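Reader: Before the discussion begins, please display the model together with its sequence. My questions will then follow.

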Amino acid sequence: MWSPPPASQQVSVTTPVPAQSFRFATPVLPTPAALIAARWLFRLLTLVVKLPFRFPLACASLTASVLVWHVFGWVALAVVWSLVDVGLLVWWRRRPSTFRRWVGLRVLATWRWWWVYARQWQPVLVVAGLAETYAERHYLPRIRKVTCSEWADRVRVRLVAGTAPVDFENRVTELAHGFGAASCRVTVLGPRDVVLEFPRHDTLAEPIAALDVPAVPDLGALPVGLQEDGTPWRLRLHGTHVLVVGVTGAGKGSVIWSAIRAMLPAMQAGTAQVRAIDPKRMELSYGRRLFASYADDGESAVALLEQAVADMRGRAERYAGRQRAHVPTVDDPFVVVVLDEVAFLTAYHPDRDVRRRAENAIATLTSQGRSVGFCVLAALQDPRKEVMNLRNLFPDKIALRLDEASQVDMVLGEGARERGANAHLIDPDLPGVAFVRVEGSPIPVRVRAAYVCDDDIDAMAAGDSSTVKASVMEGAA
Ligand SMILES: Nc1ncnc2c1ncn2[C@@H]1O[C@H](COP(=O)(O)OP(=O)(O)OP(=O)(O)O)[C@@H](O)[C@H]1O
Ligand SMILES: [Mg+2]
């Protein structure tokens, strides 16, 4: 008769406390060894069945190798593998990009899956507080797949039932440090299905030269730089207002100039115009020939803003009852009011009347201008309410390097820092790097604005056709 091993037997209480003559204890029922063996066997079988689906290429090559070796012997196997190696070598030399996509990145993903993520998964998640415990058992989110792109690893994870993606979003710093990455971003694909993105290197480390001017600018998606994944960062101006926030030297000028540059053909055609205010006289004054109007002191800036409000009201009156959306034309151009260092007008100007009038005009433009083709593109160093209490009237905001962690949520909205928008940690040696929220996603994206240098501005102001030529060709392609 089978009896449980001594270690698993219940030890009876030998000295009961007087007041406790009866003691109830959960009986320990040892699991029969046969059941444990059957469970392991079942797990092994599941693994064998699943393996070809998970690693089809590796399994197919292994099976083919075994077959060749079995039928033709090891010499034939060596010949086949030599031919395959030569084929791979030729492929790598002839078409490095497709080789990298189909072979290099897949091999890298397998390596990183096992060596980086599977190996360190349990300790990192337990220490980060992402392992769940129920009835004294630990439950870990499971890695479903690891894929590699040119710049990042994407780890697809199945969450433990009853947990939420926000647990991961709140632990992005711990995860990034745990797996040796500079940052971590969480994307939710569906129920219990999230992707963790770990960059392997900084794709935005090198400055980006001024981009080609689009032949036909799309005012709703102007190319102003690059996103971390290498795709263009497109900025919407038509139908919104944009606030660019960053400490001094963060690169606000490059965002403004890149946007102006991308609009250049529309400005030349007369369907878009820029009205510029530059209190510091260091940023926009350089290209003032490009602007429909320009102001650099308090009085003239307020006059410019009030003129824009009057024009906006005139247009709204003409549209009333007849037209609900603005289409840029030469008669009714899209007007962008560019305000560098907006706090000069709203907080720092010594004349109280100028501050009040400027604030009123900016508030009117940002609250009513959107649908009649008026946009405010403003730059600001300090996003606190005392300095700029109009920031919530700007639907789109860009967070360049900021002073304090608390300012991230002020600019990008609540929860942005927890989701990985560490704008306060941006390297001062990387001006132009920013975090933005792109349309349709709550996840902040890291971007870098292209740098428009003085020569580029000169060429733009001179209407140099060579600046446009490259992208006419690009547009044609
Ligand atoms: N996108 C960029 N790429 C590379 N370098 C940049 C970029 N933007 C700015 N720089 C560099 O950083 C310097 C400061 O940039 P910029 O004048 O745009 O900062 P800012 O945020 O406008 O500062 P301030 O508030 O003092 O005007 C520039 O002179 C340039 O050398
Ligand atoms: Mg500036």
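Reader: Among contacts in the chain between residues at least 6 apart in sequence, what percentage join residues at least 24 apart?

Author: The model under discussion is predicted. Contacts between residues at least 6 apart in sequence form the set considered here, and the share of them that join residues at least 24 apart is 65%.

Reader: How many helices and strands does the chain contain, and what is its radius of gyration?

Author: The chain holds 14 helices and 16 strands. For 477 residues the globule rule gives 23 Å, and the chain lies well over that value, so it is more spread out than a compact globule. The C-alpha trace spans about 100 × 80 × 45 Å along its principal axes. The radius of gyration is 31 Å.

Reader: What percentage of the residues of the chain count as buried?

Author: Burial requires 20 or more other C-beta atoms within 10 Å of a residue's own. Of the 477 residues of the chain, the share that count as buried is 33%.

Reader: Which residues does the UniProt annotation "transmembrane region" cover, and how far apart are the end C-alpha atoms?

Author: According to the unreviewed UniProt entry, the annotation covers residues 71-92. Over that stretch the chain is 95% helix and 0% strand. The end C-alpha atoms of residues 71-92 are apart by 31 Å.

Reader: In which helix is W113 found, and with which residues is W113 in contact, leaving aside its neighbours within four places in sequence?

Author: W113 belongs to helix α4, residues 96-127. W113 has 19 other C-beta atoms within 10 Å, and is therefore partly exposed, since 20 or more would be needed for burial. D153 is 40 residues away from W113 in sequence, and their C-alpha atoms are 9.1 Å apart. Leaving aside neighbours within four places in sequence, the contacts of W113 are A118 and V146.

Reader: How many residues surround ligand 1, and which helix gives the largest share of the shell?

Author: Ligand 1 is surrounded by 15 residues, the closest being T248, G251, G253, S254 and G432. By class, its shell has 5 nonpolar, 8 polar and 2 charged residues. The largest share, 3 residues, comes from residues 252-262, helix α7.

Definitions and conventions:
Residues are numbered from 1 along each chain as its sequence is written. Chains are lettered from A and ligands numbered from 1 in the order in which they are written. This is a predicted model: local features need pLDDT of at least 70, side-chain atom pairs count only at pLDDT 80 or more; totals for chains, interfaces and linings use all residues. A residue is near a molecule or strand if its C-beta atom, placed from the backbone, lies within 6 Å of it. Helices (H or I, at least four residues) and strands (E, at least two) are DSSP runs, numbered from the N terminus. Ala, Val, Leu, Ile, Met, Phe, Trp, Tyr, Cys and Pro count as nonpolar, Asp, Glu, Lys and Arg as charged, and the others, Gly among them, as polar. The radius of gyration is taken over C-alpha atoms; the globule rule is 2.2 Å times the number of residues to the power 0.38. A residue is buried if 20 or more other C-beta atoms lie within 10 Å of its own, exposed if 12 or fewer, and partly exposed in between; C-beta atoms are placed from the backbone. Two residues are in contact if their C-beta atoms, placed from the backbone, lie within 7 Å. UniProt positions are given in the numbering used here, feature names are shortened, and annotations may be inferred rather than shown by experiment.
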